[in-house]
Amino acid sequence: MNRIDRRSALGIGLAAASVAMMRPAAAQTTSYKDETPWPGVVVRAYEGETPSIIPGFKTVSMRDIIMQPGSKTMVLR
């Protein structure tokens, strides 16, 4: 058997680990509603709820706030 140095063993190990970790990516959901409260600001609320791992909450839902560079939100007083 041929001798394998540390560098080769590390490379083979990393290659094997990366192959084992690769899975098909989950498709992003398309069921959402966009709302534009201010110019350059989009609030995207996704439909549906998932079970929560946060103590005291049964379900959670997701919302993204997308801001374009230079956009501002309204000051609430």
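Predicted model: local features only at pLDDT ≥ 70, side-chain atom pairs only at ≥ 80, totals over all residues.
Residues are numbered from 1 along each chain as its sequence is written, and side-chain values use heavy atoms, with hydrogens and water left out.

Aromatic pair. I found 1 aromatic pair in the structure. Tyr32 and Tyr46 form this pair edge-to-face, at 5.7 Å centre to centre and 65° between the planes. Rings of Phe, Tyr and Trp (its six-membered ring) pair if their centres lie within 6.5 Å; planes under 30 degrees apart count as stacked, over 60 as edge-to-face and the rest as tilted. Tyr32 lies in strand E1 (residues 32-38) and Tyr46 in strand E2 (residues 41-46), so the pair ties together parts 14 residues apart in sequence. I have Tyr46 down as buried, with a relative accessible area of 10%.

Arg44. I then checked what lies over the face of Tyr32: Arg44, at 4.2 Å from the ring centre. The criterion is NZ of Lys or CZ of Arg within 6 Å of the ring centre and within 35 degrees of the ring normal. Arg44 also meets Asp34 in a salt bridge between side chains (2.8 Å, N to O), the term standing for a side-chain nitrogen of Lys or Arg within 4 Å of a carboxyl oxygen of Asp or Glu. Arg44 lies in strand E2 and Asp34 in strand E1, so this pair ties together parts 10 residues apart in sequence. Arg44 counts as buried at 19% relative accessibility, and Asp34 as partly exposed at 44%. I count 1 salt bridge in the structure.

Ile53. I placed Ile53 in the loop between strand E3 (50-51) and strand E4 (59-60). At 85% relative accessibility, Ile53 counts as exposed.

Whole chain. I read the pattern along the sequence as α-β-β-β-β-β, with 1 helix and 5 strands; these are DSSP runs numbered from the N terminus, helices (H or I) of at least four residues and strands (E) of at least two. Buried residues make up 8% of the 77 residues. The chain averages a pLDDT of 81, and 79% of the residues score at least 70; pLDDT is the predictor's confidence in each residue, from 0 to 100. Among the elements, helix H1 (residues 6-21) has the lowest mean pLDDT (78) and E4 the highest (92).

Note on methods: Buried < 20%, exposed > 50% of the residue type's maximum accessible area, 1.4 Å probe, protein only.
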